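Subject: Structure for you to look at

Hi,

Here is the structure I said I would pass on.

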Amino acid sequence: KFLEALPLLRELTGNMNHMEIDKVWMESVLHMQGGDGLFYMPAVGRPWARNGLPNHSFNIDQWGVGDDGVSNHLASIVSNGILMGVVALYFAQTGDQIWDKAAKRVVDRMADLMVYKDDYCYFPILTAIPGTKISQEDSILDPESLAEGGGTIAGWIIHGLSQIYRSTKYQPALELAGKLAIYLMKYSGA
């Protein structure tokens, strides 16, 4: 969340001191984006990172081993929602097409990780590794909304998707946000 706060504060206050910090943060966000479009973080030395990994989406024994057979990174679905907002903000502030491209890539990959039903969709996982595939038969996490896996997390994703649509006008972001909003209102148990 703090990655979004600094550029917003700069815009609000006009303070441009130590702009080298912003540049490094921007570069680190781009560096986190994997080839599939998701934003990944290293999982080494983070035993809590395994929380929420779905046994049904990939072989848990191969956790951390991505398509290249070596990677040890994971993507938090909620963090990707927050980072979508950061990417949208950087595009709105800079107009640099690298942010437009990054935004569209993460939206497209998030869309691949959803289970689609009639007029809504939901995410059946909290984290992903490179190469994660979703079955359209995967169930809703925490349908009674008793824990973090319920509809609450959908809000962060909706927020990020909406920010991307607002700054890039990328229609798939708006459509995905709308389907998640229907899930949140009608089916999340919230």
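This is a predicted model: local features need pLDDT of at least 70, side-chain atom pairs count only at pLDDT 80 or more; totals for chains, interfaces and linings use all residues.

Let me start with Ile77, which is buried, at a relative accessible area of 2% (buried means under 20% relative accessible area, exposed over 50% and partly exposed in between, with a 1.4 Å probe and protein chains only). Residues are numbered from 1 along each chain as its sequence is written, and side-chain values use heavy atoms, with hydrogens and water left out.

Ile77 sits in helix H3, residues 77-94 (helices are DSSP runs of H or I with at least four residues, strands are E runs of at least two, and both are numbered from the N terminus). Setting aside residues up to four places away in sequence, Ile77 touches Met110, Leu113, Phe123, Ile125, Leu126, Thr127 and Ile157; a contact here means heavy atoms within 4.5 Å. Ala128 lies 51 residues from Ile77 along the chain, yet their C-alpha atoms are 7.3 Å apart.

Another buried residue is Ser167, with a relative accessible area of 19%. Ser167 belongs to helix H5, residues 152-168. Beyond its neighbours within four places in sequence, Ser167 contacts Ala88, Phe91 and Ala92.

Now to helix H1, residues 2-13. Its 12 residues reach 16 Å from the first C-alpha to the last, close to the 16 Å expected at 1.5 Å a residue (the expected span is 1.5 Å times one less than the number of residues). Leu3, Glu4, Leu6, Pro7 and Arg10 are the buried residues of H1. Seen down the axis of H1, they fall within an arc of 165°, so they line one face of the helix; the arc is taken from the directions from the helix axis to the C-beta atoms. Phe2, Leu12 and Thr13 are exposed, on the face of H1 turned away from the buried side. Just after H1, Gly14 has a positive phi of about 80°.

As for the whole chain, there are 6 helices and 5 strands, in the order α-α-β-β-α-α-β-β-β-α-α along the sequence. Of its 190 residues, 45% count as buried. Among contacts with a separation of 6 or more, 67% join residues 24 or more positions apart.

Cheers
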